[in-house]
Structures are given as C-alpha cells and as structure tokens.
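These are my notes from going through one model. I took the points one at a time and wrote down what I found.

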Amino acid sequence: MSSKVKTEFKLPKMGESITEGTILNWIVSEGESFQEGDVLVEVGTDKVDNEVPAPFSGTLIETKYGANDIAKIGEVIAILEETSVSETRGNSSEEKIENQDTPTAKKPTKPSPPQPALKTSKNPSLTENKPWTPSSRGHHFYSPLVEKIAKEHHISYEELARIPASGKKDRLQKSDIFKYIEDGRPAQFAQNQVEKSPGFQVPDLKFDKGKGKLVEMDRMRQMIADHMVYSKHTSPHVTAYVEADMTNLVNWRNANKKEFQEKTGEKLTFTPLFIQAVTKAIQDFPMINSSLDGKNIIVKEDIHIGMATALPSGNLIVPVVRHSDQKDLEALAKNVNALARKARDNKLTSEETKGSTFTISNVGTFGSLMGTPIINQPEAAILATGIIKKRAEVIEYEDGDKIEIRQMMYLSLSFDHRIVDGFLAGSFLRRIADYLEEKRETQC
C-alpha cells in the first residue's frame with residue numbers, strides 16, 4: 001500500500017547565468033491534480049518565458065509564490081503531493097518530506113519581504129548626513145542586503161536611486177548593484193537634482209500628456225524600456241553612416257536563391273549574408289567585438305552575432321547566432337531561419353538569447369531608409385541595415401561617368417565612444433560595405 005508523500009518543488013535552473021525568475025502564472029491551482037510532464041507554472045526570466053513541467057503525477061498542495069513574485073533558482077516555490085513512493089528520486093531540485101497530518105506539524109512558511117532599514121548609517125558617504133527613508137525610491141525600499149553592499153562600496157542613497165532596478169515594482173536587487181559596480185558606476189558623479197548648483201538644472205516641467213486609452217506595458221516591453229534607458233545612460237552613443245551598392249549581391253541572390261533552397265532546404269534571406277559580412281569585418285577589426293569592464297576593455301575571443309527579431313506581440317528580442325565565424329553560408333542560413341521560426345512561435349530558450357558580442361538590427365524590414373540603433377549592452381556597437389532601394393547613381397568608368405539604376409542601402413553603426421573612436425568605427429563600417437559590394441560567383 002502506497003503512502004502519500006509531500007515534495008518541495010524548487011525553481012529549476014533555466015540557464016547558466018540565470019539566477020532568478022518571475023512567477024508569471026500558475027497553470028495548476030492549489031488542490032488540483034496533474035500528470036507527469038504537465039506544465040505547472042510559467043516563469044519569466046530577463047530574456048524569455050519558460051514553462052516548467054511536473055516531475056511526476058500528483059496534486060499541488062500549496063504555492064509559495066504568487067503571480068509577479070520573484071524567486072531565486074533553487075528556492076521552494078510549491079509543495080506537491082505524490083501518491084507513489086516505490087522509489088526514491090535523486091533529483092537535486094526536489095526534497096521529499098513525510099506528510100504530517102497532526103495539527104502541531106510545522107508547515108513551510110512563505111518568505112516575508114524584506115523590511116525597510118530605517119536606521120541611520122554612521123557612514124557619511126552613504127547617508128550624506130541625511131537619514132534614509134523609503135521615499136528615497138518613491139514607495140519602494142532597499143533591502144538590508146542592498147544597503148550592506150552599498151555601505152561596503154561607499155555608494156550613497158542618492159546614487160542608489162540612479163541605478164536601474166530590475167526587481168518587482170522597481171525594487172533594486174543584489175544583481176543590479178553588482179552589475180552597476182562592474183560597469184564602473186556610471187552614475188556616480190551624476191548631478192543630484194535635489195541639491196541646487198550654479199550649473200544647469202533639469203527643469204521640473206509639468207507636461208500635458210493628454211487624455212486617451214491607457215495601455216499598460218507588458219513585462220517584456222517594460223524590460224525593453226529599462227534596457228534602452230540604461231544603455232543610453234551608460235554609453236555615450238555616436239552613430240556613423242555609409243551607403244553600400246547592393247546591386248551585385250541582390251542580383252546574385254536572385255539568381256541563386258532557388259538553387260540554394262533546393263540544395264539545402266533553406267530559404268536564402270539577406271540576414272545570413274549580412275551576418276557573414278559583419279563577421280568578416282569583425283575579424284579585420286576585433287576591437288569592435290568588445291565590452292568595457294571598469295577601466296579594462298574585454299576583446300572577445302568568440303564572435304556571437306545577435307539579430308534583432310520582431311515577436312508577434314510587436315516586441316523585439318535578440319536571438320544569437322553563436323560562433324558565426326565557424327559557419328559557412330548554408331549553416332548560417334539554417335541557424336538564422338531556425339531562430340526566426342522559434343521567435344515567431346515564442347519558443348526561444350534563454351540560452352538562445354544571451355551572449356551576443358555584436359548585434360544587427362534590420363530596420364529595412366519595416367521599410368525604414370536608415371536607423372540610429374541603441375547599443376545592446378554590454379556590447380560596444382550595433383549595426384542597422386536600411387531598406388534596399390533602387391536609385392539613380394553616378395558610376396565611374398574609364399571612358400567616363402554614367403548614370404545607372406543601382407540597388408542602394410544605408411548602413412548605420414551606433415558605437416560606444418568610451419571604447420570605439422571615429423576612425424575605428426568608420427573603418428569597420430566601410431569594411432562591411434566593401435564585403436557586401438564584392439562580386440560573388442554565380443553558383444552556390
């Protein structure tokens with residue numbers, strides 16, 4: 001006869017660098033039964049949403065976290081009940097506890113949120129002679145752990161308030177402050193708007209935002225907004241432009257795309273061709289493939305190209321073509337098409353959306369002539385490719401100039417001027433255009 005066993009269900013690992021997740025929705029409610037493999041809960045990370053399946057058949061007894069709560073990887077998020085105990089499971093993400101039916105048995109308690117630390121620090125660099133109150137970040141507060149880290153690194157509350165927060169309800173988390181410190185504390189010397197100074201003060205303007213339908217931003221749109229503001233705040237953006245004569249490439253693709261698909265089973269879009277040209281240019285100018293780490297520049301050994309892709313919701317995500325320098329055109333096309341299909345079906349994994357070292361945004365897909373993209377942190381630059389458009393161009397020949405109809409495209413490179421100067425950016429951008437303009441063999 002089998003006895004019922006309670007099991008602690010812990011948030012499983014969802015990627016090498018993922019340390020926490022947001023509970024989006026419990027598919028199974030408390031008291032409901034489920035079968036092995038059924039989706040119990042949907043969990044969101046900083047990149048993608050994940051469906052967490054049941055490790056066995058049973059009943060969901062209790063949930064430890066509700067919708068929009070943030071849980072650490074490995075934390076107990078629910079108590080499950082399994083009826084069969086014929087074998088002991090060795091899964092490290094589960095710990096069985098015998099069912100206690102007595103009223104005196106202790107039940108796992110829900111983690112209580114950290115309380116605001118209202119005590120005044122003796123460290124003047126943290127308090128700046130001002131007692132800290134929860135109003136330092138509106139109606140939010142700092143956890144004791146965040147305050148401890150701030151004191152250790154002599155970060156004032158005013159500086160804490162300028163750090164981009166990724167936690168629930170704009171709460172600053174340990175990972176946020178460590179990331180900020182690793183980035184060299186870019187807001188350390190930002191002007192405090194509360195204190196008056198003889199320099200320029202940002203005016204407190206009261207704009208009339210008008211009336212209309214209120215549309216709440218979804219979670220992904222909020223993350224995109226935070227990342228874009230953080231990128232503009234962190235990196236001094238400069239954008240350079242060139243135009244490329246795409247006539248040879250367009251003609252080559254038109255002549256070979258049918259044969260390419262018959263031979264490889266893959267459609268030949270412009271994206272793998274762009275990635276191929278960018279990869280070759282990065283090999284010529286490796287400093288573009290870098291990130292800033294405090295006062296050091298990390299020049300990446302691997303070349304992983306992110307490709308900004310539109311989701312059905314209208315949001316953008318950046319799946320990554322890994323080791324693009326080790327793939328031929330056929331492999332690139334296969335990789336690109338697979339990632340694009342997964343993006344359309346909302347099936348990208350967290351591993352497929354992280355680790356890019358350089359990003360391409362094809363704004364021409366939406367009909368844009370050119371764009372000024374925002375850097376995908378912590379990269380040093382991002383490329384935007386505009387629409388390929390027929391124009392009348394003056395072409396130089398030995399016997400004189402001629403006006404011809406050519407397929408032209410603008411390329412724009414936004415770069416972090418802390419790492420990349422104008423000469424490097426311009427040379428790299430021109431090299432991409434040169435590779436795109438090269439004549440190709442007529443056959444695949």
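Is arginine 431 buried, partly exposed or exposed? I looked up its relative accessible area, which is 29%, so I put arginine 431 down as partly exposed. The cut-offs that decide this are under 20% for buried and over 50% for exposed. I note here that the model is predicted.

**Overall**

I went to the whole chain next. The protein chain has nine helices and 20 strands. Of its 444 residues, 41% are buried. I also checked the contacts with a sequence separation of 6 or more: 65% of them join residues 24 or more positions apart.

**Salt bridges**

I found 14 salt bridges in the structure. Arginine 431 takes part in one with aspartate 284, where the closest N and O atoms are 3.1 Å apart. Aspartate 284 belongs to helix H7 and arginine 431 to helix H9, so this pair ties together parts that lie 147 residues apart in sequence. I looked up aspartate 284 as well; its relative accessible area is 34%, which makes it partly exposed.

A second pair is glutamate 351 and lysine 354, again with 3.1 Å between the closest N and O atoms. Lysine 354 counts as buried at 16% relative accessibility, while glutamate 351 is partly exposed at 36%.

I have aspartate 416 as buried, at 1% relative accessibility, and arginine 418 as partly exposed, with a relative accessible area of 34%.

I also noted a network of salt bridges that links Glu243, Arg391 and Glu393.

**H7 against H9**

H7 covers residues 270-284 and H9 covers residues 422-437; they pack at about 135°, and their axes are 9 Å apart. The two helices are therefore oblique to each other. The crossing of H7 past H9 is right-handed.

Which residues of H7 meet H9? On the H7 side I listed Leu273, Phe274, Ala277, Val278, Lys280, Ala281, Ile282 and Asp284. On the H9 side they meet Phe428, Arg431, Ile432, Tyr435 and Leu436. Sorted by class, this contact has ten nonpolar residues, three charged residues and no polar ones.

**H6 against H8**

How do H6 and H8 lie relative to each other? The axes of H6 (residues 247-264) and H8 come within 12 Å and cross at roughly 80°. An angle from 65 to 115 degrees counts as roughly perpendicular, and H6 and H8 are therefore put in that class. H6 contributes Trp252, Phe260 and Thr264 to the contact, and H8 contributes Leu329, Glu330 and Ala333. By class I have four nonpolar residues, one polar and one charged in the contact of H6 with H8.

**Alanine 343**

I stayed with H8, which runs over residues 329-344 and includes alanine 343. Alanine 343 has 0% relative accessibility and so counts as buried. What does alanine 343 touch, leaving out residues up to four places away in sequence? I found Thr309, Leu311, Pro312, Ile317 and Leu348.

**Threonine 22 and asparagine 68**

Threonine 22 is in strand S2 (residues 20-26). With a relative accessible area of 16%, threonine 22 is buried. Beyond four places in sequence it touches Glu42, Val43, Gly44, Asn68, Asp69 and Ile70.

I followed up asparagine 68, which sits in the loop between strand S6 (58-63) and strand S7 (70-72). Its phi is positive, about 75°, although asparagine 68 is not a glycine. At 47% relative accessibility, asparagine 68 counts as partly exposed.

**Other backbone entries**

Histidine 323 also has a positive phi without being a glycine, here about 50°. I located histidine 323 in the loop between strand S16 (320-321) and H8. At 27% relative accessibility it counts as partly exposed.

My last entry is the peptide bond from glutamine 377 to proline 378, which is cis, with omega near 5°. Proline 378 falls in the loop between strand S17 (358-361) and strand S18 (381-385).

Notes. Residues are numbered from 1 along each chain as its sequence is written. This is a predicted model: local features need pLDDT of at least 70, side-chain atom pairs count only at pLDDT 80 or more; totals for chains, interfaces and linings use all residues. Side-chain values use heavy atoms; hydrogens and water are left out. Axes are lines fitted to C-alpha atoms, for helices over the stretch in contact, and angles run from 0 to 180 degrees between N-to-C directions. Helices (H or I, at least four residues) and strands (E, at least two) are DSSP runs, numbered from the N terminus. Angles under 35 degrees count as roughly parallel, over 145 as roughly antiparallel, 65 to 115 as roughly perpendicular and the rest as oblique. A crossing is left-handed if the near helix is turned anticlockwise from the far one by less than a right angle, and right-handed if clockwise. Contact means heavy atoms within 4.5 Å. Ala, Val, Leu, Ile, Met, Phe, Trp, Tyr, Cys and Pro count as nonpolar, Asp, Glu, Lys and Arg as charged, and the others, Gly among them, as polar. Buried means under 20% relative accessible area, exposed over 50%, partly exposed in between (1.4 Å probe, protein chains only). A salt bridge is a side-chain nitrogen of Lys or Arg within 4 Å of a carboxyl oxygen of Asp or Glu.
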